[in-house]
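Biologist: I have a new model open on my screen, and I would like to learn how to read it. Could you take me through it step by step?

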Amino acid sequence: MRLKIVYFGSSLAGKSTNVKKLYEILREKNLTKGDMVVMETEEQRTLFVEMFVSSINIDGYEFELKILTTPGQFRLHPLRKVIMKGVDGLVFVVDSSKEREKINFLVMRETAAVLKEQGEDLLRFPVVVQYNKRDLPDAMEIEDMQVRFNPWATDYVPAVAIRGEGVLETFQKVIKNILVRKYAGNTLI
């Protein structure tokens with residue numbers, strides 16, 4: 001079975017850092033297939049990151065995973081729509097900085113609109129929320145972030161992706177949520 005997982009969030013939230021760290025972790029376990037592909041804009045910002053992970057066995061079932069990030073810049077909205085097509089699960093990477101509160105909310109709203117165009121309901125979609133950059137001095141309280149950025153009341157993970165903290169846990173939770181949705185008839189967990 002093939003699964004497509006997309007990391008979305010505002011620009012500089014840490015989506016690419018998450019996927020790069022995850023790639024390093026899984027490569028050490030010989031669970032990656034091929035190289036990680038990173039496409040950058042002329043401003044040296046990440047356009048998207050793509051990685052393949054092969055042959056993960058979960059309870060006797062083999063899964064091939066395709067992992068992508070969306071670009072955070074709003075001017076690249078059309079590319080986000082293409083990347084989101086056929087997605088099985090999402091990781092919403094939220095920058096914990098208070099000054100990024102509004103942009104985090106706008107990205108969440110835009111993603112809901114993209115999924116709606118594709119016939120999906122963000123509130124019924126397998127999602128994990130990752131509160132990244134927990135080491136920032138102006139990091140918002142988790143309880144406040146839960147109210148603003150987790151309308152799913154789904155799993156969340158505090159993280160410092162640049163140090164690899166919370167990266168594997170986030171990945172494991174999104175896989176779990178996808179499998180529960182696929183095998184439990186779209187039931188939210």
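Biologist: Let me begin with a helix. Which exposed residues does the face of H2 turned away from its buried side carry?

Modeller: Keep in mind that this is a predicted model. As for the general idea, an α-helix has 3.6 residues a turn, so residues three or four places apart point the same way. Here, the face of H2 turned away from the buried side carries Pro78 and Val82, both exposed. The buried residues of H2, which spans residues 77–84, are Arg80, Ile83 and Met84. Looking down the axis of H2, these buried residues fall within an arc of 95 degrees, so they line one face of the helix. Just after H2 comes Gly86, with a positive phi of about 80 degrees.

Biologist: Which residues are buried in H4?

Modeller: In H4 they are Ile142, Met145 and Phe149. Down the axis of H4, the buried residues fall within an arc of 60 degrees, so they too line one face of the helix. Glu143 and Val147, on the other side of H4, are exposed. The cover over the buried residues of H4 includes E5, H3, E6 and E7.

Biologist: Now for the inside. How many residues does the largest nonpolar core have?

Modeller: The general idea is that in soluble globular proteins, nonpolar side chains tend to be buried together. In this model the largest nonpolar core has 26 residues, and those with the most contacts inside it are Ile5, Tyr7, Leu22, Met51, Leu65, Ile67 and Phe171. Strands E1, E3, E4 and E5, along with helices H1 and H5, each supply at least two residues of this core. Its largest share, six residues, comes from H5. There is also a second, separate core of 23 residues, including Ile83, Phe92, Tyr131 and Trp152. You have met Ile83 already, as one of the buried residues of H2.

Biologist: Let's turn to charged side chains. How many salt bridges does a search of the whole structure find?

Modeller: The search finds 13. One of them joins the side chains of Glu110 and Arg80, at 2.8 Å from N to O. This pair links distant parts of the chain, with Glu110 in helix H3 and Arg80 in helix H2, 30 residues apart. Both Glu110 and Arg80 are buried.

Biologist: And Glu120, with which residue does it form a salt bridge?

Modeller: Its partner is Arg181, and the closest N and O atoms are 3.2 Å apart. Glu120 sits in the loop between H3 and strand E6, while Arg181 is in helix H5, 61 residues apart. To read their exposure, use the cut-off: buried means under 20% relative accessible area. Arg181 has 18%, so Arg181 is buried. Glu120 is at 26% and therefore counts as partly exposed.

Biologist: Which residue does Arg163 pair with in a salt bridge?

Modeller: Arg163 pairs with Asp135, with 3.8 Å between the closest N and O atoms. Arg163 lies in the loop between strand E7 and H5, and Asp135 in the loop between E6 and helix H4, 28 residues apart. Asp135 is partly exposed, at 43% relative accessible area. Finally, look for Arg2, Lys33 and Glu64, which salt bridges with shared partners join into one network.

Notes
Residues are numbered from 1 along each chain as its sequence is written. This is a predicted model: local features need pLDDT of at least 70, side-chain atom pairs count only at pLDDT 80 or more; totals for chains, interfaces and linings use all residues. Side-chain values use heavy atoms; hydrogens and water are left out. A nonpolar core is a set of buried Ala, Val, Leu, Ile, Met, Phe, Trp, Tyr and Cys residues joined through side-chain atoms within 4.5 Å. Buried means under 20% relative accessible area, exposed over 50%, partly exposed in between (1.4 Å probe, protein chains only). Helices (H or I, at least four residues) and strands (E, at least two) are DSSP runs, numbered from the N terminus. The arc is that of the directions from the helix axis to the C-beta atoms. A salt bridge is a side-chain nitrogen of Lys or Arg within 4 Å of a carboxyl oxygen of Asp or Glu. Contact means heavy atoms within 4.5 Å.
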